[in-house]
Amino acid sequence: MLRLALKMLYGDLAKYTMLVCGLSFCALLMTQQSSVFCGLLLWTTATVRNIRAPIWVADEKVEQVNEVVSLREIEVQRVRSIQGVKWAVPIFWSIQQARLPDGTFQGIQLTGLDSTSLVGQPSHMVAGTVEDLRLPNAVIVDQVAIEKFKKKGITLHLGSTFELNDKEARVVGICKTERSFLGQPYVYTTYSRALEYSPRQRKELSFILASPKDEFRASEVIAQINQLRGMRAFTEQDFAWRTIVWYFTNTGIPISFGIVVLLGVVVGIAIAGQTFYLFVHENLRFMAALKAMGAGMGTLTKMVFLQAFTVGFTGYGLGIGLASAFGTAVLKKGQPPFYMPWQILVFTGAVIVLICCLSAFVGLIKIARTEAAIVFK
Amino acid sequence: MSSTTNSFPAVETRGVVKSFGKGESMVHALKGVDFEARCGEMIMIVGPSGCGKTTLLSVLCGTLKQEAGSVTVFGESLQSMRSSELTAFRGRNIGFVFQQFNLIPTWTALENVSVPLLLAGASRRKAEEAASSLLHKVGIGEKTNTLPSQLSGGQQQRVAIARALVHNPRLIICDEPTAALDAASGRNVLQLLRETALQPERCVVVVTHDSRIFSFADRIAEMEDGRLKALHRPGEYKANYV
């Protein structure tokens, strides 16, 4: 009977197509928008993921990585003095304006690395070497800088120059970084040179990067650092999560994406529910005939659920397939943000299952309330 | 025509009452009907539109519950059965031929005919073998893989008859089986019903107001205004209604 139930479904090609299209659109909307949302939130943690360090130390008021409250340089020594700290280095991070040869400006995220250890260096170099940062006026730019400068008619390559705070910056390397929420390119240089490139401030140290000794756990060291007045330490993962939570709770991003995802659910329920109800309604006479011929509600329930879930899973497959194709296309381009963890697929699948159950249930109520005697009318 | 004198009662109703609607709009469809059909006979229930023929048919096959009175089919009381038991009972014992055929349009003739067996739990292969054999028996063996929409009305009704017989039920219920057919097709269908459906242990109940087929019946139960008015032999009865 289940095979025949599927034949009944496929036989009504118009409704089958409508159901699959409705659920595909619903799955696409939910998966694509949720993935863009996750990608956007992931972008907010780009600095943590580009500058890798086991422990991040910041001012005690700092809530997330894109918010810098500068520390005094002496704080590096205080962190180093803690028993469980293997090493601790300063890092400078701020947004600056790069002046291009044609006089136009481009915002950049200037990152100053400890010149001795180069801790926080880009993990993937496309051209040049990180060690060349020790050369005079040397900077390493990322692929975003190449794109942004290119849009302004300037092709950056090794040896190209631009100005930062009226000082020359010479490109000695090109790296690949994770794109950031702020959308500006990362420009790496040494800590001391980054201070020269930036306007003077009373406190200039953005963060301290540290690592625990082998015999200490990161949590123990963090607890020790948190004892120091005015500082707060996080593991890399914790800092990234705090950043995500901060954007989640302090911006309108979740609401705007949430509304679109909700619209996807509503559209799915409206199209799939209504079409499936119509499908059941049009076949009601035949269902009643099956009831008259001895089909129990158990058999009819299996048939209806199979029909609902067949369109559901087909729609789901097509929807996430389209979302994945979108993701593959945009990941090649680098934007808009896109990150599709398995949880999104589970969430979308669960919503589709819910829609299918709801549609099947409404149809089954109709069938259950229909007396087999209608076949004689 | 077969003899019914000593045969076992297939269907018995006693004082069956059924009404529809409420208050002033209430319609009393059956007003205490006593009816009996016996194994080995084809009995036709006739009468003018609205006299309660179809309601009686629905009650005696258990698709509609009566308000009062008793319905017994092959010795089993339908009113004492739960809904699921009634459905299973119909599946085992009753075959249906509907006025509008009710063949599922997206299934082939073979698939439509095999449904009662599939519902009874038979394997697909066995169900299709039996369905194919019966389609040959009703004269449309070459149409097994044809969709109902590609068949004529007479052919569709033959598929419906095959579907009603495939699981070898003891009671065949036919609701206006010739209403959607021309005269020749109607006669052929009734001839086929008599030849294939009518057996000593089986009863065929036909609701009709098509006087052209009265001659195929063993007995004719005439209904009027929700009551069984009289029982006739085919030659004795002439419809006096339009």
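Where in chain B is the place of Glu176(B)? I looked there and landed in a loop, between strand S7 (171-175) and helix H6 (183-197) of chain B. I note at the outset that this is a predicted model.

**Entry 1**

I stayed with Glu176(B) and read its backbone. Its phi is near 45 degrees, a positive value in a residue that is not glycine. Most residues other than glycine have a negative phi. Next I asked: is Glu176(B) buried or exposed? Glu176(B) has 20 C-beta neighbours inside 10 Å, so Glu176(B) counts as buried.

I then turned to chain A and Asp166(A). Its phi is also positive, near 70 degrees, and Asp166(A) is not a glycine either. Asp166(A) sits in the loop that links strand S6 (161-164) to strand S7 (167-176) of chain A. Here I found 7 C-beta neighbours inside 10 Å, so Asp166(A) counts as exposed.

**Entry 1: chain A as a whole**

I counted elements next. Chain A holds 12 helices and 10 strands. Its radius of gyration is 29 Å, well over the 21 Å that the globule rule gives for 377 residues, so chain A is more spread out than a compact globule. Along the principal axes, its C-alpha atoms fill a box of roughly 95 × 50 × 30 Å.

How is chain A divided? I found domain 1 (2-43 + 252-376) and domain 2 (61-229). Domain 1 is written in two segments, with the numbers of domain 2 falling between them. The C-alpha centres of these two domains of chain A lie 48 Å apart.

I also checked burial and contacts. Of the 377 residues in chain A, 44% are buried. Among contacts in chain A with a separation of 6 or more, 83% come from residues 24 or more positions apart.

**Entry 2: strand S9 of chain A**

I picked strand S9 (residues 207-212) of chain A. S9(A) is mostly covered, with five of its six residues buried. Which strands pair with S9(A)? One is strand S1 (residues 55-59) of chain A, which is antiparallel to S9(A) over three bridges. In that region I noted Val57(A), whose bridge partner in S9(A) is Ile208(A). Another is strand S2 (residues 85-99) of chain A, joined to S9(A) by six bridges and also antiparallel. Trp87(A) stands opposite Ser211(A) of S9(A).

I moved on to the contact between the chains. It takes 22 residues from chain A and 23 residues from chain B. On the side of chain A, helix H1 (2-11) and H10 are the elements that give two or more residues. H10(A) gives the most, with six residues. By type, this side of chain A has 13 nonpolar residues, four polar and five charged.

So which residues of H10(A) are buried? In this helix (residues 284-292) I listed Met287(A), Ala288(A), Ala289(A), Leu290(A), Lys291(A) and Ala292(A). Their cover includes elements of both chains. From chain A I noted helix H11 (297-333) and helix H12 (342-369). From chain B I noted helix H2 (83-93), strand S6 (94-97) and helix H3 (109-119). After H10(A) comes Gly294(A), with a positive phi near 115 degrees.

**Entry 3: a sheet in chain B**

I went back to chain B and traced a sheet. Four strands form an open sheet in the order S2-S1-S4-S5, with antiparallel pairing. Strand S2 (27-38) and strand S5 (76-77) of chain B stand at the edges with a single partner strand each, so one side of each has no neighbour in the sheet. Two bridges join strand S4 (residues 68-73) of chain B to S5(B). Val73(B) has Glu76(B) as its bridge partner in S5(B).

What lies across this sheet's strands? I found helix H1 (residues 53-60) of chain B across strand S1 (9-20), S2 and S4 of chain B. The helix runs at about 60 degrees to S2(B).

**Entry 4: Thr72(B)**

My last stop was Thr72(B), in strand S4 of chain B. It has 18 other C-beta atoms within 10 Å and is partly exposed. Leaving aside neighbours within four places in sequence, Thr72(B) is in contact with Glu12(B) and Ser77(B). I also looked from Thr72(B) to Ile173(B). They are 101 residues apart in sequence and 15 Å apart in space, C-alpha to C-alpha.

Note on methods
Residues numbered from 1 in each chain as written. Chains lettered and ligands numbered in written order. Predicted model: local features only at pLDDT ≥ 70, side-chain atom pairs only at ≥ 80, totals over all residues. Buried ≥ 20, exposed ≤ 12 C-beta atoms within 10 Å, placed from the backbone. Contact = placed C-beta atoms within 7 Å. Rg over C-alpha atoms; globule rule 2.2 N^0.38 Å. Nonpolar A, V, L, I, M, F, W, Y, C, P; charged D, E, K, R; others polar. Domains from an automatic or database assignment. Pairing = 2+ DSSP bridges. Axes fitted to C-alpha atoms, helices over the stretch in contact; angles between N-to-C directions.
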